Each structure stands twice: as C-alpha cells, then as structure tokens.
Amino acid sequence: MQTETKQMRINVGPQHPSTHGVLRLLVDLEGEVIKNIEPIIGYLHRGMEKLAESRTYYQYLPMVDRVDYLSSFFNLASFCYAVESIAEIKVPKRAEYIRVITMELNRISSHLLWLGTFLLDLGATSPLFYTFRDREKLLSLFEELAGARLLYNFYCFGGVKQDFPPYWLNKVKKLCEELPDLFNEYEAIITKNPIFMERTKDVGILTKEVALDYGITGPNLRASGVETDLRKEPGYSVYNEFNFDVCTRENGDCYDRYLIRLDEMRQSIDIVLQAIEKLPGGPPDKLFVKRTNCGCGEENCKYCGVDTLLTEKKVNLVNFKPPKGEATSLIEAPRGITSCYVVSDGSKNPYRVRWRTPSFSNVQVLPELAKGSLYSDLMAIFGSLDVVLPEVDR
Amino acid sequence: MYELYIKLFEYFNIPTILAQISWPVFPFVGVATTLVIVVIFLVLLERKLLALLTVRKGPNRVGPNGFFQTFADAIKLLFKEDIMATNTNKILFTIAPIVFFAPVMVIYGLVPFSGNLLAINAAAGLFLILGITSISTIGIILSGWASNNKYSLLGGIRGAAQAISYEIPLVLAAVGICVLAGSMNLPTIVQGQSGGIVNNLFFNWNIFSWNIWPAALGLVVFFICSLAEINRIPFDLPEAESELVSGYNTEYSGMKFALFFLAEYAALFIICVLISVLFLGGYLSPFNDYLSLLIFKNFINNQIILNLLVNIEQIAWLMLKTYFLIFVIMWIRATLPRLRADQLMNFSWKFLLPLSLLNLFIVAIYRFLFPL
C-alpha cells in the first residue's frame, strides 16, 4: 500500500480570532508546517479614496480618521499637511506643538493596543487587560480633548480646532510620569519570560533587504537594523526641536519588533514632556491671561503673536478651494510611513486622494516570513507586524 | 459504610445479594454530585480569580457577587440547540464528549477524599488511574476527526501527540511514588506519608514525611505533565484559541460542549487532588495529630462522632492542599503565553523525561538508605 502526505488547505479568516479584523489567509499546511500562504485582502474596502472625489475638503476630513482607526491623529495630520502645502497655509507653532503632543500620545495608545493583542495571539491573556487599563487613561484624555475616544477629527487645515481644555496638560504630565512604571510592569511579566522568548526569538526574521524590497517602514524596518525615522530625518512639523533617539534593533525577529515598540513608547513620553515644556504661550489657562494683557500686535511676540494662535487664518468651511496643484505628505505613524497624495484641480472637491499605508506592505511581507515555519508561528509573526486591517483596504 | 448497608438489608430480611448489587449506586450518585458541585464552583472561582489578576471585576450580575453566574451558564447550555454540521460523523461526534468525560468521572471514585470516603478501594488504584486518564485522549481525537473541521482535526492531532509525550514522564514520576510507598494502593500511599522523621520535638509532624521531600523533582515533573494532560495554559495547544479558533471542540455546542467543559474542570480538580494525595500527604494533617482530636478528645467520648470529626477535618486538609494547587494553576494561566507544538515536544522528551528518570534514581537511593 502506498501512502502519501496531502497538503491541507486551511482558510484562516475572514472570521478568525487572531486576524485582527477581516483578513483572509489561505494557508497550505503539511502537518503543522506552512508550505504556502496567501493573504487575501479587501474585505474591509470602503472606497476611502473614491469617496473623497465627491466630497469637499471639509466633508472628507472626518472620514480620514477611519483610514486607521487606531491612529486617527496621524491620518488627520497626513491629510492636513498635504492640503496645507497645496493651499500654502502656514501652521502656527502652537498648533504644531498641539499636533505633536496629540500624535505622540496617540502613538502610545496605538502601541499599547498592539502589545495587548500580540500577547493575546501568543496565548497570554492578562497583558491585554493591563494594556487596555492604561490605554483607557489615554483615551479618556482624548475624550476630554476632542469629544471622541477613537475618531477625533481634531485637526483642521491650518492648525487645530480647539485649544487644550484647562488643566488638561497637567493630567498629561501626570500620566507621562506614571507610564514608564507601567511599562516596567509589562516588561517584568513579558520581556524575560522564557516561553515568550522561545516563541519570539529567531521567529519570523525580516532581513534588511527583504524589508526594503517590500517597502516595510516604521518600527518593523527599524527592528531590522535600518535607522530611519521621518521625525528625525528630514523631520517634519516641529520634531527637530526635541531630543529623542531613533530606536533600532539588529535581528529583525518578533522579539526585536516587540522591544522596539516599547522603546518607542518611552521616546514618545519624552517628546510629549518636552513639548509641554516648550509649548509656545504655555498652558491654555495662562495663555488666556497673557493674551488679554499683552496686545502689542507684534509678529513674533511670545504671547500674542502668530505662534500662539491655533490657526493662522480662518478657512471658509463651505467654500474652501485650494489652488491647482498636488502634494504628498509623509508622516511617521505608529505602523510606519503614512502618506497622503492629494491632487487639487482648483475646485471644492479634491481631484484625487491616494493613501499609502504601512499595514499594506506589512501584510504583503507575511508569506515571505511565515513560509516554512510552524502554524503557531504564523500568529506570532502576524501579530508582531502590527497590521490594522482597515488601513490595508482603505 | 458497606457493612452497615448490608446489615440494614439483613435486618429487614432482604436477600443480601440485592445489597451487593445496589451498593455501587451510592458511590456513583455521590461522585456525580461532587463532580457537578466542584465544577460549578471551580468555574466561578477561575473567573473571579482571573478577574482579580487582570484588573477586572469578573461576573457580578447574577446573584450576590455573581455567585449564580455558573448556574445561569449551565441552564443556558442545557437549553441550547444541539447543532450538528451536515458532514459530521454523527455517531462519533456524539460519542466523543462521553468518551472524554467518562474516564474523569471514574477517577473521582478511585481517589481517597478522607480515611473513609473512598468509593472504590482498588488494590492498584494508582495504576488504574493512570490507565484510565489516557482514555480521555481518545475522546479528543474522536471529536477532532468527527467534526469534519480542519481546525478541530489539527486540535485533535495536537492533543494526541501531546498526551502521548507527556504520559511517559507523568507515569515515571508516579513510579517514584510507588517506590517510596511500596504500593500502588492510594490509601496505603497516603498512610505511608504519616509519622514524621524522628520521634521528638516537632519532627514527628506528618509534614516531614510527605513524599514531596524525597520526590521534589517528581512533583515538578508530575505537576507540569498534569498541566499538559488537562490542556491548561501553557500547554493548551489542542484548543489554542488564537490559532485553532477553539481546537477540537470548535463544532460543539449545547450540552455536548458542556460535557467537554465539565470534563475539563473536573479533570483540573481531580488531578490536583491526585497530586496532593501522591506528594502532599493527601488527607493527612501536616501536624502529628488531627486538630479535631486534640481539641475534642477530652470532652467527646463517643468514638463515632470523633471519627466523623476527623473525617471532616481530613477532607478540609485535602481541599486546602487541592485548592492551593488549583490556585497555582490558575495563576499560571494568567501569567504565561502558550508554547509551540515543537517546543512542547522538546520540553517533554529532552527535559521532563531525563528529569523524571533522575527523580526515580534519587527516590530509589532514598528508599535503599531508609528502607520501609
């Protein structure tokens, strides 16, 4: 009698506990070994790019949040910077600082969610609750700031919509002092855990070459040893005014991708604290007093100049028409480089909006990493890449 | 108890053969009720404990402090529609949960809960228990195969591989106990752990003669292997939620799922009882005498009441040890991630097996130096 091993084709998803949304993976298994894997995307396609063409710029602004719901501020910033550079609107310094503070806090909350779900993919349940406990604090701060917990719609062309609520910065400061201790708490339970190290070390090694070929960006690329960070080089917004390190790791395995995100969260806290310190005009409660008292009207006054405004000039919401032109913005989002390409034909609606999102590349590199490894590793690898599905499909 | 029961029949002039036939009903009913009560309590305990460890509140809506949550869940499962997918093997699909559950129930009858509370006193009880536990694995494979679901099948295969490789160190660790006790009879094993080491001061306390001292390695091996046997984290690969959806019981719902669920928690409890029987002196108190004897022997002269008190205390001691172990297992669940299939195998064959052999060696030398 002849025996043969038949490959088993298994459909992981679109409904599966650990595909983080509706990704479908066609996996060919031989026993537990993955022979072939094919990601099938598009289950969450909402036509974000096409919808822009039938909406005015301001109507499209709230939708931008939904491109990646875990890092709304970054999408908003990406779109706003693109439109601002077409319309040549200068963003006041205070507004830039507010953007930086909110974006960095958003980065922490996004990484926290990733940390919990990654560990959940590996079978450890409790880190999820710990990270959600701490993410909750950030979300309630955002709620106080923008009125929403996930989709903020807080930026507008030329700045931000509102100033910080009174004493909001004090709360942020207090939280930023608490957070490193909490990160240490995660590290105590995770980093040196032998099972965690077994599961992640030398698993899903992403080499420098493969990463660059596939267009991987962000923490995943930095974990492979490429020192690249748009905040540092070329440095958009006001990031060049802060001291922070670009964290890199050498091996590019799941363990490094975990460590690098913890480092990044620590760096983000640093940036937020520095930004609060340097905020032009100081906290909003003080600013109010100073502005009424000053009234000198000079361009570069510390208290009543352009730098302390939220938007340089008010933009007409209904009739906002940027001149003809096109622009691309590059933003270092938690998952990598988010890029927004906007073409304007001088009318009320954008002629074309194109999103380049980091998760898309992160999904595409999955077959390269997972082929030949065990089925259990698939979840570790996929989890460590930090993919958010709405961002893949747009 | 058995003698009393037969005497009762003789008193009423009923043939004693009827007594002999009908006697097993009582242990069976006793075991079944204990099992259900234990599981209902354990599920609640686990949920509350995990909630405590993961900064949540846990069930707190049904009854005082969520105490009746498990009852509500049980009722829900009872009334749920029993769904069977079209291409399942109907007979095997139905048999599988029973095959999985029945062995666990048998073990409840084989373990001594106190000096007198033991349903079946088998001469080689330990051997029987080790044999019966392996039957459960067949239930896992059956359910994985009969479900006609790829996730279930993978779960079933994993379950089989895991059970086979962890059975061996488990048995070897248990052999160490047989060497120490010179018997496979569980009451004998428990009694063999009494007496202390030297007969003075407090060294005559039972705690010093528990098997944990010579067979400490054995306890470690046995504990880890039993985690794998009952599919708990970090060895819950057959039902790895994030990989296999729910593993071998993906397709099950309603009462059949409840049976799997029941068996899992029942196994968790009984394996902890078994560990305390084998290594932690079972129902013995850690001191040289039972506390109830020390307190009550001066003013209660009735031997039967005194005996009853001792039995209750024995159960209490056993439960204390058991629940401590259960707590450790739940604590582990809240702490550790899951192992990978190949790491699981490596861990068993390259680490646990040599360790259990070393344990056997140490135990044999100990018994050689200090014969029974």
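Colleague: Which residue is the bridge partner of Val343(A) in β8(A)?

Modeller: In this predicted model, where local features need pLDDT of at least 70 and side-chain atom pairs count only at pLDDT 80 or more, while totals for chains, interfaces and linings use all residues, Val343(A) has Arg352(A) as its bridge partner in β8(A). Residues are numbered from 1 along each chain as its sequence is written, and chains are lettered from A and ligands numbered from 1 in the order in which they are written. In β8(A), Arg356(A) is likewise the bridge partner of Ser339(A).

Colleague: What makes β7 and β8 of chain A a pair of strands?

Modeller: Strands are DSSP runs of E with at least two residues, helices are runs of H or I with at least four, and both are numbered from the N terminus. Two strands pair if DSSP finds at least two bridges between them; β7 (residues 336–344) and β8 of chain A have 6 bridges, in the antiparallel sense, so they count as paired. They form a hairpin with 5 residues between them, and Gly346(A) in the turn has a positive phi of about 85 degrees.

Colleague: Why are β6 and β8 of chain A called edge strands?

Modeller: The open sheet of 3 strands has the order β6-β7-β8 in chain A, with antiparallel pairing, and β6 (325–333) and β8 (350–356) of chain A each pair on one side only. From one strand to the next, the twist averages 15 degrees, with axes as lines fitted to C-alpha atoms (for helices over the stretch in contact) and angles running from 0 to 180 degrees between N-to-C directions.

Colleague: Why is one side of β1 and of β3 in chain A left without a neighbour in the sheet?

Modeller: An open sheet of 3 strands in chain A has the order β1-β2-β3 and antiparallel pairing. β1 and β3 (33–40) of chain A are at its edges with a single partner strand each, so one side of each lacks a neighbour in the sheet. The twist there averages 20 degrees from one strand to the next.

Colleague: How many bridges join β1(A) and β2(A)?

Modeller: β1(A) and β2 (residues 24–30) of chain A pair over 5 bridges in the antiparallel sense, and Leu25(A) in β2(A) is the bridge partner of Val12(A).

Colleague: How many residues does each chain bring to the contact?

Modeller: Chain A gives 27 residues and chain B gives 22, where two residues are in contact if their C-beta atoms, placed from the backbone, lie within 7 Å. Among the elements that each supply at least two residues of the side of chain A that touches chain B are β1 (8–12) and α4 (93–121) of chain A.
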